[in-house]
Amino acid sequence: MPAKPVVVIGAGPYGLATAAWLSVAGVPRRVFGDPMESWCTHMPQGMYLKSVPTASSISAPESGYRFEDFRVSRGLAPVGDRYPIPVEEFIAYGRWFQERRVPEVERRKVRTVQAVDGLFGVTLDSGEQFLAQQVV
């Protein structure tokens with residue numbers, strides 16, 4: 001019987017970081033959500049992040065995925081910690097991270113999670129049902 005996956009609900013910065021770390025640990029996982037959806041729909045246009053650039057990177061188990069790396073990949077100049085990060089740039093960074101580090105994101109919604117015999121029964125909006133070892 002194949003190992004039950006760990007399910008990560010949400011593809012924002014925390015969900016993407018969790019999925020990246022699970023992958024390097026060799027943990028079977030499924031990641032659900034639209035990348036950076038909450039940031040796109042719930043943050044005001046024109047907003048700036050409160051955190052400084054050096055504190056605004058999504059955690060990854062290897063180098064090459066920091067906010068600074070994203071800017072370099074776009075041909076943008078390095079910035080110091082006085083640079084106010086526009087929310088639109090942070091959303092673009094999150095999507096860049098997802099495409100390169102967590103490409104397996106499934107753009108479907110989790111409808112329900114229920115305890116089932118020491119596991120988690122997960123139902124998707126498509127009607128698919130499966131068991132998960134853990135849910136994050």
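Modeller: Before reading any residue here, take the term buried, which means under 20% relative accessible area, with exposed standing for over 50% and partly exposed for what lies in between (1.4 Å probe, protein chains only). This is a predicted model, in which local features need pLDDT of at least 70 and side-chain atom pairs count only at pLDDT 80 or more, while totals for chains, interfaces and linings use all residues. Residues are numbered from 1 along each chain as its sequence is written, and side-chain values use heavy atoms, with hydrogens and water left out.

Biologist: In which order do the three strands of the open sheet stand?

Modeller: Strands of a sheet pair through backbone hydrogen bonds, either parallel or antiparallel. Here the order is β3-β4-β5 with antiparallel pairing, where two strands count as paired if DSSP finds at least two bridges between them. Because β3 (110-116) and β5 (129-132) have a single partner strand each, they stand at the edges, and one side of each is left without a neighbour in the sheet. Neighbouring strands of this sheet are turned by 25° against each other on average, direction ignored, the axes being lines fitted to C-alpha atoms (for helices over the stretch in contact) and angles running from 0 to 180 degrees between N-to-C directions. Between β3 and β4 (residues 119-124) there are six bridges in the antiparallel sense, and valine 116 has leucine 119 of β4 as its bridge partner.

Biologist: Which helices do the buried residues of α4 pack against?

Modeller: Helix α4 (residues 87-101) has 15 residues and reaches 21 Å from its first C-alpha to its last, close to the 21 Å expected at 1.5 Å a residue, the expected span being 1.5 Å times one less than the number of residues. Its buried residues, among them Val87, Ile91, Gly94 and Arg101, pack against α1 (13-24), α2 and α3 (67-73). Glutamine 98 also lies in α4 and is buried at 3% relative accessibility. Leaving out residues up to four places away in sequence, glutamine 98 touches Leu16, Pro35, Pro103, Val105 and Arg107, contact meaning heavy atoms within 4.5 Å.

Biologist: How many aromatic pairs does the count come to?

Modeller: Rings of Phe, Tyr and Trp (its six-membered ring) pair if their centres lie within 6.5 Å, and planes under 30 degrees apart count as stacked, over 60 as edge-to-face and the rest as tilted. This rule gives 10 aromatic pairs. Tryptophan 39 and phenylalanine 90 form a tilted one, at 4.8 Å centre to centre and 50° between the planes, linking helix α2 to helix α4 across 51 residues; phenylalanine 90 is buried at 4% relative accessibility. Phenylalanine 70 and tryptophan 96 form an edge-to-face pair, at 5.7 Å and 65°. Because phenylalanine 70 lies in helix α3 and tryptophan 96 in helix α4, this pair ties together parts 26 residues apart in sequence, and phenylalanine 70 and tryptophan 96 are both buried. Ring pairs join Trp39, Tyr65, Phe67, Phe70, Phe90, Tyr93, Trp96 and Phe97 into a cluster.

Biologist: Which residues is cysteine 40 in contact with, leaving aside its neighbours within four places in sequence?

Modeller: Cysteine 40, in helix α2, is in contact with Ile91 and Arg95 on that count. The C-alpha atoms of cysteine 40 and isoleucine 91 are separated by 7.1 Å, although the two residues are 51 residues apart along the chain. Cysteine 40 counts as partly exposed, at 35% relative accessibility.

Technical notes
Helices (H or I, at least four residues) and strands (E, at least two) are DSSP runs, numbered from the N terminus.
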